[in-house]
Amino acid sequence: RTVYLNGDYIEESEAKVSIFDRGFLFADAIYEVTAVVDGKLIDFPGHMERLTRSLGEINLEVPFDQASLLEIHRQVVARNNLREGLIYLQISRGSTGDRDFNFPLEPVAPTLVLFTQEKALIENPVAERGQKVILVEDWRWLRRDIKTVQLLYPAMAKSLARDKGADDAWMVENGQITEGCSNNAYIVTADGTLVTRALSNSILAGITRQTVLQCAAELQVKVEERAFSAEEIRQAREAFSTSASGFVNPVVQVDGFAVGDGKPGPVARRLREIYIKNSL
Ligand code: PDD
């Protein structure tokens with residue numbers, strides 16, 4: 001793989017970052033994941049808008065503009081002949097050559113990294129069969145609206161899900177679902193209403209979520225942006241998640257209980273189709 005590191009396109013084995021990089025020592029870094037289909041970037045402006053916001057929220061000033069970030073994305077796609085998969089971008093606060101909790105007072109060059117990952121996004125067997133999820137307490141920090149690389153708890157929760165034979169964990173706070181480990185969570189109620197948590201500091205504002213809600217409007221599906229409980233999932237007709245890496249993924253089982261008839265539901269299926277059709 002050819003990766004991007006601070007101005008250079010280099011072989012991944014050549015890409016080296018200081019052990020004092022604040023991303024490494026403090027998770028002092030922001031990331032984005034953008035999908036690529038047919039060599040084309042999906043929802044790119046949305047991802048860059050959120051990147052800018054996340055960087056602003058942690059006071060990380062960045063000397064890159066949108067146009068150069070777009071060019072770097074295009075270059076890593078081209079140089080790796082990526083047809084379908086993901087682009088990972090990370091910006092960390094760089095290194096002062098020491099470990100210090102304080103943000104540096106003098107400007108330090110941030111570390112910008114991009115790499116590609118091939119992934120079958122359109123023909124995805126997981127989307128065909130539907131996912132099993134477990135519910136876990138949401139023990140993350142309270143600024144989940146910022147896309148930081150501080151992902152230890154989601155990694156633990158997802159691995160716990162795997163150990164239990166499930167695909168993902170949905171997180172629960174005060175009895176209400178917040179989101180999945182790396183996706184936003186939805187149900188379709190018995191009367192056909194699409195419910196997903198409203199945006200706040202409790203969840204990440206998914207870019208796929210934004211587009212999928214537009215698709216729902218197109219399909220004239222009624223949408224309520226509000227929290228929902230585990231009990232409501234049990235009463236629901238359907239459940240699904242959205243993310244750049246999964247698009248729309250039906251959820252067919254939650255904590256061992258079948259959701260609806262236990263098969264991917266029609267609303268999830270149609271939203272997935274229209275999302276993909278609109279993005280190409
Ligand atoms: N995760 N919620 C969380 C906690 C996430 O990490 C993500 C994305 C989402 C969905 O956001 P979007 O639709 O913009 O991808 C929601 C990425 C894909 C990841 O960590 O790999």
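This is a predicted model: local features need pLDDT of at least 70, side-chain atom pairs count only at pLDDT 80 or more; totals for chains, interfaces and linings use all residues.
The domain assignment divides the protein chain into domain 1, residues 2-118, and domain 2, residues 125-279. The C-alpha centres of domain 1 and domain 2 are separated by 26 Å. The contact involves 20 residues from domain 1 and 13 residues from domain 2. On the side of domain 1 that touches domain 2, at least two residues each are supplied by strand S3 (29-37), helix H2 (44-57) and strand S5 (85-92). The largest share of that side, eight residues, is from S3. Sorted by class, the side of domain 1 that touches domain 2 consists of ten nonpolar, six polar and four charged residues.

Lysine 119 is located in the loop between strand S6 (111-118) and helix H4. Not counting residues up to four places away in sequence, lysine 119 touches Glu84, Gly85, Leu86 and Ser245. Lysine 119 is classed as partly exposed because it has 14 C-beta neighbours inside 10 Å, a count between the limits of 12 or fewer for exposed and 20 or more for buried. The C-alpha atoms of lysine 119 and threonine 193 are 32 Å apart in space, and the two residues are 74 residues apart in sequence.

The shell around the ligand contains 14 residues, of which Ser182, Gly206, Ile207, Thr208 and Ala244 come nearest to the ligand. Two or more residues of this shell are given by each of helix H6 (207-218) and strand S13 (238-243). H6 gives the most, with three residues. By class, the shell around the ligand holds four nonpolar, eight polar and two charged residues.

Helix H8 covers residues 266-279. Its 14 residues, at 1.5 Å a residue, should span 20 Å, and the distance of 20 Å between its end C-alpha atoms agrees with this value. Val267, Ala268, Leu271, Arg272 and Tyr275 are the buried residues of H8. They line one face of the helix, because they fall within an arc of 130° when H8 is seen down its axis. In an α-helix there are 3.6 residues a turn, so residues three or four places apart point the same way. The cover over the buried residues of H8 includes helix H4 (125-129), strand S10 (184-188), strand S11 (194-196) and strand S14 (247-254).

Pro154, Ala157, Lys158 and Ala161 are buried in H5. Seen down the axis of H5, these buried residues fall within an arc of 95° and therefore line one face of the helix. The face turned away from the buried side of H5 carries Leu152, Ala155, Ser159 and Asp163, which are exposed. Strand S7 (131-137) and strand S8 (168-173) are among the elements that cover the buried residues of H5. Just after H5, glycine 165 adopts a positive phi of about 80°.

Positive phi values also occur at two residues other than glycine. Most residues other than glycine have a negative phi. Asparagine 59 has a phi near 55° and is placed in the loop between H2 and helix H3 (66-79). With 8 other C-beta atoms within 10 Å, asparagine 59 is exposed. Aspartate 255 has a phi near 50° and is placed in the loop between S14 and strand S15 (257-258). Aspartate 255 is partly exposed, with 15 other C-beta atoms within 10 Å.

With 13 C-beta neighbours inside 10 Å, arginine 129 counts as partly exposed. In sequence, arginine 129 and asparagine 249 are 120 residues apart, while their C-alpha atoms are 9.4 Å apart in space.

How values were computed. Residues are numbered from 1 along each chain as its sequence is written. A residue is near a molecule or strand if its C-beta atom, placed from the backbone, lies within 6 Å of it. Helices (H or I, at least four residues) and strands (E, at least two) are DSSP runs, numbered from the N terminus. Ala, Val, Leu, Ile, Met, Phe, Trp, Tyr, Cys and Pro count as nonpolar, Asp, Glu, Lys and Arg as charged, and the others, Gly among them, as polar. Domain bounds come from an automatic or database domain assignment. Two residues are in contact if their C-beta atoms, placed from the backbone, lie within 7 Å. The expected span of a helix is 1.5 Å times one less than its number of residues. The arc is that of the directions from the helix axis to the C-beta atoms.
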